[in-house]
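This briefing goes with the structure shown below.

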Amino acid sequence: MKKPYHIASVVLNYNSAADVEALLPQLMDQRGMQHTVIVVDNASTAIQAEQLREVFSRVYPQGLVGSPVELSVQVSAQNHEIGACLVMNLENRGYSAGNNIGIRLAHLFGVDAVLIANPDTVSYTHLRAHE
């Protein structure tokens, strides 16, 4: 039996918990592929970071939350069976570096492709995995 196509969506957040809250259900609604969601918080304010943690935990109760190093260890140890991660950066490393943190984590999941999605992204149709 053929393995389903595996996509990771990397969402870089900075003080946009409300936008991420609107985006996560859209990402959860994707069908026809294995889909992993990686939200990278780029050192939001304490209030925004706490709101993001609450949103993430509500949408992905089994998701992992931690630093880039902590999550790398956890993902490697759990054989790629995690559907979502929230990466909490202690410093804002900028757009490219923040996304690269998520992409590196996505590679630990063994993904076939990575989608970079801004927090205010709106998805009107399902992602489609084509060969």
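**A buried asparagine**

At a relative accessibility of 8%, Asn-89 counts as buried, because the cut-off is under 20%. The model is a predicted one. Asn-89 lies in strand β4, which covers residues 84-89.

**Surroundings of Asn-89**

- Beyond its neighbours within four places in sequence, Asn-89 contacts Val-40, Asp-41, Asn-42, Ala-43, Pro-68 and Ile-101.
- With one of these residues, Asn-42, the side chain of Asn-89 makes a polar contact of 3.3 Å.
- Gln-26 is 63 residues from Asn-89 along the chain, and the C-alpha atoms of the two are separated by 24 Å.

**Overall fold**

- The chain holds four helices and five strands.
- Along the sequence these follow the pattern β-α-β-α-β-α-β-α-β.
- A compact globule of 131 residues would have a radius of gyration near 14 Å, and the chain agrees with this because its own value is 14 Å.
- Taken along the principal axes, the C-alpha atoms fill a box of roughly 45 × 35 × 30 Å.
- Of the 131 residues in the chain, 40% are buried.
- Among contacts with a separation of 6 or more, 75% are between residues 24 or more positions apart.

**Helix α1**

- The twelve residues of α1 should span 16 Å at 1.5 Å a residue, and the helix agrees with this, since its end C-alpha atoms are 17 Å apart.
- Ala-17, Val-20, Leu-23, Leu-24 and Leu-27 are buried in α1.
- These residues lie on the same side of α1, because they cover an arc of only 115 degrees around the axis.
- The partners against which the buried residues of α1 pack are β1 (6-13), β2, α2 and β5 (113-117).

**Helix α2**

- From first C-alpha to last, the 14 residues of α2 reach 20 Å, close to the 20 Å expected at 1.5 Å a residue.
- Its buried residues are Gln-48, Ala-49, Leu-52, Val-55, Phe-56 and Val-59.
- They too share one side of the helix: their arc around the axis is only 125 degrees, which puts them on the same side of α2.
- Ala-46, Ile-47 and Arg-58 are exposed on the face of α2 turned away from its buried side.
- The cover over the buried residues of α2 includes β1, α1, β2, β3 (64-66) and β4.

**Nonpolar cores**

- The largest nonpolar core has 18 residues, and those touching the most other members are Val-11, Leu-24, Leu-27, Val-37, Val-39 and Tyr-60.
- Two or more residues of this core come from each of α1 (17-28), β2 (34-42), α2 (46-59) and β4.
- Not counting residues up to four places away in sequence, Tyr-60 touches Leu-24, Leu-27, Met-28, Val-37 and Ala-84.

Notes. Residues are numbered from 1 along each chain as its sequence is written. This is a predicted model: local features need pLDDT of at least 70, side-chain atom pairs count only at pLDDT 80 or more; totals for chains, interfaces and linings use all residues. Side-chain values use heavy atoms; hydrogens and water are left out. Buried means under 20% relative accessible area, exposed over 50%, partly exposed in between (1.4 Å probe, protein chains only). Contact means heavy atoms within 4.5 Å. A polar contact is a pair of N or O atoms within 3.5 Å; within protein, one must be able to donate a hydrogen and the other to accept it, and residues adjacent in sequence count only if both atoms are side-chain atoms. A nonpolar core is a set of buried Ala, Val, Leu, Ile, Met, Phe, Trp, Tyr and Cys residues joined through side-chain atoms within 4.5 Å. The expected span of a helix is 1.5 Å times one less than its number of residues. The arc is that of the directions from the helix axis to the C-beta atoms. The radius of gyration is taken over C-alpha atoms; the globule rule is 2.2 Å times the number of residues to the power 0.38.
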